[in-house]
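Welcome to this guided tour.

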Amino acid sequence: MCWPAFGWPAPPPRPSSAKAMAGGLMAVMVLSASALCVAWADCPAACECKWRSGKESAICAGANLTAVPRHLDYGTQLLDLTGNPLYRLGRDAFADADLLNLQKLYLSRCRLKALDRYVFRKLNNLVELDLSENSIPVVPSAVLESVPELRELRLNGNPIMKVPNGAFAHVPRLVRLDVSGCRVALLESTAFAGLERSLEWLRLDNNQLRDVKPSTVVTLTRLQGVQLNDNPWNCSCNSTTTRGTARA
């Protein structure tokens, strides 16, 4: 723009680009800090809201909660409800609490006996789920249909007696699976169907298994480790071959 010699005041000096960038960065930092303070100010008294491993986390372990806490920040990525007497979780329990951004969910030792089929509905980003040390009697296959991006699942310590065919077909990206310390006596031949190209770590130790068909595990082409110890194995030739194949 051209300014005439008379009649208009001289334009104010423009700040240098470095100063402008510094000012903009400072404004962003202030706004981010303000937003963070607002989010954490809304943290329920029973929980501790903080950053953990680069994720916005709500730690509500052992807080004697009987339901999923409300009024947590919408951006919460990790929720730890370990050791709360939840007993049952109904339909859309987490979606109704506006926790749609969850990536990691810990529900260990919550005395859970039943899970509604749609309890995890809309949790499209969930990659880690801990359901260990509860009273869940069967592999919750229908429940897993809502979390197809799951990478790690812990079911250890539940009174599960059977892993049926296609039990984990709804979570084809699963990398780690723990079914140890249950009561599993029957592992059907295609129990891990759908995990052939994803599963890397499998725990089946401390169960009631007497035999495992080789076809059950040899199809898991990416398997790097499997634990089968502390089972009452039938020490026949077939059983020995199966365990040897699994270790390889």
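Two strands are said to pair if DSSP finds at least two bridges between them. Helices (H or I, at least four residues) and strands (E, at least two) are DSSP runs, numbered from the N terminus. What you have open is a predicted model, in which local features need pLDDT of at least 70 and side-chain atom pairs count only at pLDDT 80 or more, while totals for chains, interfaces and linings use all residues. Residues are numbered from 1 along each chain as its sequence is written, and side-chain values use heavy atoms, with hydrogens and water left out.

**Stop 1: the whole chain**

Start with everything in view. The chain holds four helices and 13 strands. Of its 248 residues, 41% are buried; buried means under 20% relative accessible area, exposed over 50%, and partly exposed in between, with a 1.4 Å probe and protein chains only. Contacts are counted when heavy atoms lie within 4.5 Å. Among contacts between residues at least 6 apart in sequence, 56% join residues at least 24 apart.

**Stop 2**

Nine of them form an open sheet with mixed pairing, in the order 1-2-3-5-7-8-10-12-13. Strand 1 and strand 13 stand at the edges with a single partner strand each, so one side of each has no neighbour in the sheet. From one strand to the next, the twist averages 10°; for such angles, axes are lines fitted to C-alpha atoms (for helices over the stretch in contact), and angles run from 0 to 180 degrees between N-to-C directions. Strands of a sheet pair through backbone hydrogen bonds, either parallel or antiparallel.

**Stop 3**

Select residues 48-52, which are strand 1, together with strand 2 at 55-59. These two strands pair in the antiparallel sense over five bridges. Cysteine 49 stands opposite alanine 58, and tryptophan 51 has glutamate 56 as its bridge partner. The two strands form a hairpin with two residues between them, and serine 53 in the turn has a positive phi of about 50°.

**Stop 4**

Keep strand 2 selected and show its side chains. Is strand 2 enclosed or open? Five of its five residues are buried, so strand 2 is largely enclosed by the rest of the structure. In a regular strand the side chains alternate between the two faces of the sheet. Here both faces are covered, with Lys55, Ser57 and Ile59 buried on one side and Glu56 and Ala58 buried on the other.

Look for serine 57 with its bridge partner leucine 78, then for isoleucine 59 with aspartate 80.

**Stop 5: the loop between strands 2 and 3**

Select asparagine 64 and threonine 66, which both sit in the loop between strand 2 and strand 3. Asparagine 64 is exposed, with a relative accessible area of 60%, and its phi is near 60°, a positive value in a residue other than glycine. Most residues other than glycine have a negative phi, and most peptide bonds are trans.

Threonine 66 also counts as exposed, at 57% relative accessibility. Which residues does threonine 66 contact, leaving aside its neighbours within four places in sequence? The answer is Pro85 and Leu86. Its C-alpha atom is separated by 9.5 Å from that of leucine 89, 23 residues apart along the chain.

**Stop 6**

Move to asparagine 206, in the loop between strand 12 and helix 3 (214-218). Asparagine 206 has a positive phi near 60° and is partly exposed, with a relative accessible area of 45%.

**Stop 7: the largest pocket**

Finish by selecting residues 152-154, 176-178, 201-203 and 225-227; these are strands 8, 10, 12 and 13, and each supplies at least two residues of the lining of the largest pocket. A pocket is an open set of points on a 1 Å grid over the protein atoms alone, where a 1.4 Å probe fits, with protein on both sides within 12 Å along at least five of seven lines; lining residues have an atom within 4 Å of a point. The volume is about 170 Å³. Among the lining residues are Arg154, Asp178, Trp201 and Gln227.

Note on methods. Grid points are joined across faces, edges and corners, and a volume is the space filled by probe spheres set on the points.
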